[in-house]
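Biologist: I have not looked at this one before. Can you put it up and take me through how the pieces pack?

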Amino acid sequence: MIEWFIEELLAKYNYWVSIILILIGFYAMIAKDNLIKKVIGLSIFQTAIFLFYISLADIGPIPKGTAPIVSEEMIHMGYVYVNPLPHVLILTAIVVAVATTAVALALVIRLYEEYGTIEESEIIELERQRGL
Amino acid sequence: MLIVEQFPVLVVAISLLSAFTILVAGLVNKKSCCFISIATILVQLVMAFYILNHVLTEGTIHYWLGGWKPPWGIEYVVDALNAYVLVIVLFIALICAIYSKRSIEHELPHKLVSFYTVYQLLITGMCGVTVTGDMFNMYVFLEIMCIAGYALIASSKIGLKAGFTYLVMGSIGACFVLLGIGFLYSVTGSLNMHDLSLLLPPLYGNRVVQAAFVFFFTGLGIKMAFFPLHTWQPDAYAYAPSAVSVIIAAAMSKVSIYAFLRVLFSVYTAEFIRIYAPLTTVISWLAAIAIIFGSVYALAQYNLKRMFAYSSVAHVGYIMLAVGICTSTTLGLTPAVMHLLNHAVMKGCLFLIAGAFIYKRAELWDIMKFPGLGRKMPYTGIAFIFTALAMCDIPPSAGFVTILYLILAFLEAGQFIFAAVILFSVIVTFFYFFHVVEMMYLRVGVEEEIEKERGEIPMSMLIPVFLLAALCWITGVIWLMKIPFPILDAVNSMFGLGVVP
């Protein structure tokens with residue numbers, strides 16, 4: 001039991017955290033009525049995926065990898081480096097996430113100006129009254 | 001001397017540059033935006049034709065960005081399928097840009113500059129997804145395309161809610177795609193599509209690889225509005241400005257389907273589908289339900305654009321049904337690839353016509369207000385009848401060719417139940433189009449009102465409508481004469497399809 005706990009949970013705790021965050025974000029996006037909370041859920045979802053990618057980068061054994069700035073001296077001292085590629089990918093993905101969040105927030109503002117509320121159920125009710 | 005090998009990257013770059021050019025030019029002269037956009041797309045379309053010609057005569061184009069060799073650098077790969085989709089996308093974009101000049105001036109008079117900027121970004125995204133050979137690059141372009149799409153749908157007042165719903169669902173889809181890419185990267189350490197297709201076969205039994213496929217299927221299924229994930233689609237198509245409906249219905253959904261085909265056949269191969277045969281059964285049955293569901297719901301709509309949107313759900317079903325049976329017939333992907341073009345032309349034309357009615361009078365989205373319309377707008381009415389006949393699969397229209405090849409494929413595979421589903425859909429399609437035509441021509445409106453409101457849409461909107469309405473039939477004849485079949489043969493042989501083991 002304890003061995004399982006150490007192998008499956010502690011050694012991979014960063015993956016567990018990112019899975020839990022993904023589920024929290026996903027739940028907020030589909031279940032919350034408030035549009036801002038949906039956007040927050042979206043951000044949590046995206047950030048959790050970034051954490052997953054960053055966890056992938058650290059491929060070193062128990063002495064964890066260091067920043068990938070390679071020099072002769074460091075190699076002699078036996079340093080292990082992390083894989084820089086996932087970091088670069090996530091830098092791009094963060095930009096995409098910022099753009100999505102910006103558009104989402106802009107839409108929420110326009111929806112508020114139009115309907116005077118940011119509760120999804122109330123907006124649907126108002127739309128029904130307008131006969132759309 | 002222009003070098004065709006560099007066109008794939010130029011197609012994307014020109015479009016991106018023109019987006020910013022439009023933004024700057026808009027400060028000086030608002031009217032110039034539309035012309036810059038049309039000119040750019042025209043150049044891109046010419047390039048796309050050169051690429052298609054080059055691919056068919058000389059073979060696949062590989063372009064290494066910055067000279068970095070794959071799998072380390074990003075690679076743009078254009079083969080027969082890419083080049084074909086690129087031509088479809090840019091052609092529809094050109095038609096839509098010409099049409100949008102008057103339509104957008106009418107619907108969004110204060111947002112001309114921002115409309116064309118975002119429109120050009122949307123085209124950048126679509127071209128990017130089409131030409132790229134790198135998984136992560138595909139994700140980024142998919143997001144450029146979709147974010148531009150959310151903004152365009154929400155640019156009209158009634159489209160706000162639909163735009164937000166699409167944003168939430170589309171982002172979930174994009175996150176799933178990103179997660180799938182992460183899974184593949186964690187087991188192979190590569191992002192290049194060709195490299196992945198070589199590294200993956202020994203790992204097909206691996207749970208991570210299988211889970212990644214499920215993520216891709218779900219994520220791209222949301223983007224292309226495949227049956228249980230289509231819920232954002234009818235509202236988004238119905239409430240977007242009319243020019244936007246055209247481009248998202250005719251081109252954007254095709255790009256998402258293309259991305260799925262690319263993942264299914266270029267990253268995972270036909271071998272993967274043959275090993276996990278239940279996969280094709282799942283795709284086929286979901287597609288069959290999509291066809292029935294879409295057709296029946298279209299019958300129940302009184303909003304014209306919503307009706308076309310549900311019909312799009314059914315037609316995505318047609319394409320996916322063709323994908324589902326591709327491994328068990330000698331036709332392979334032929335009907336699916338064929339319908340990418342046919343559906344783009346037919347649905348593009350239908351949304352152009354729906355936009356023309358709304359341009360005439362704002363409440364003409366409602367079929368109940370159509371009596372007498374056939375006499376008020378005679379030319380648009382005739383174009384609508386011709387397109388509706390093509391949608392009802394009267395030979396030799398584009399719709400008929402798809403149905404013909406689909407049914408040939410089903411008969412060969414022995415799947416008679418799917419042939420029955422298709423025939424059911426054809427009959428229902430006939431009924432809902434007949435309902436609209438009946439409202440337009442057979443119900444008589446008020447005589448004075450007809451005389452008062454007689455008048456056509458402007459020439460710059462009428463010509464695109466007629467061009468696409470004519471193409472609905474011309475493409476059908478071209479397919480029957482088997483002129484573009486080299487493309488289909490190239491696609492099938494590339495993916496190792498068309499031979500039954």
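Modeller: Start with two helices of chain B: α8(B) passes α10(B) in a left-handed crossing. Keep in mind that this is a predicted model.

Biologist: At what angle do α8 and α10 of chain B pack, and how far apart are their axes?

Modeller: The angle is about 165°, and the axes are 8 Å apart. α8(B) is therefore roughly antiparallel to α10(B), since angles over 145 degrees count as such.

Biologist: Changing topic, which residues of the largest nonpolar core touch the most other members?

Modeller: B:Val89, B:Ile92, B:Met145 and B:Ile247 do, in a core of 234 residues. α10(B) comes up again here, as it gives the largest share of this core, 19 residues.

Biologist: Take B:Ile92, then. What does it touch?

Modeller: Leaving out residues up to four places away in sequence, B:Ile92 touches B:Ile247, B:Ala250, B:Ala251, B:Ala344 and B:Gly348.

Biologist: Now the two chains. How many residues does each put into the contact?

Modeller: Chain A gives 25 residues and chain B gives 23. On the chain A side, α3, α5 (84–115) and α6 (120–129) each supply at least two residues.

Biologist: Which helix of chain A gives the most to that side?

Modeller: α5(A), with 12 residues. By class, the side of chain A that touches chain B has 18 nonpolar, three polar and four charged residues.

Biologist: And α3(A) with α6(B), how do their axes cross?

Modeller: They cross at roughly 10° and come within 10 Å. The two helices are therefore roughly parallel to each other. Among the contact residues of α3(A) are A:Leu42, A:Phe45, A:Ile49 and A:Phe52, and those of α6(B) include B:Phe164, B:Val168, B:Cys175 and B:Leu178.

Biologist: What classes of residue make up that contact?

Modeller: The contact of α3(A) with α6(B) has 13 nonpolar, four polar and one charged residues. A:Lys38 is one of the residues on the α3(A) side, and B:Ser171 and B:Gly182 are among those on the α6(B) side.

Definitions and conventions: Residues numbered from 1 in each chain as written. Chains lettered and ligands numbered in written order. Predicted model: local features only at pLDDT ≥ 70, side-chain atom pairs only at ≥ 80, totals over all residues. Axes fitted to C-alpha atoms, helices over the stretch in contact; angles between N-to-C directions. Helix = DSSP H or I, 4+ residues; strand = E, 2+ residues; numbered from the N terminus. Parallel < 35°, antiparallel > 145°, perpendicular 65-115°, else oblique. Left-handed = near helix turned anticlockwise from the far one by under 90°. Core = buried A, V, L, I, M, F, W, Y, C linked by C-beta atoms within 7 Å. Buried ≥ 20, exposed ≤ 12 C-beta atoms within 10 Å, placed from the backbone. Contact = placed C-beta atoms within 7 Å. Nonpolar A, V, L, I, M, F, W, Y, C, P; charged D, E, K, R; others polar.
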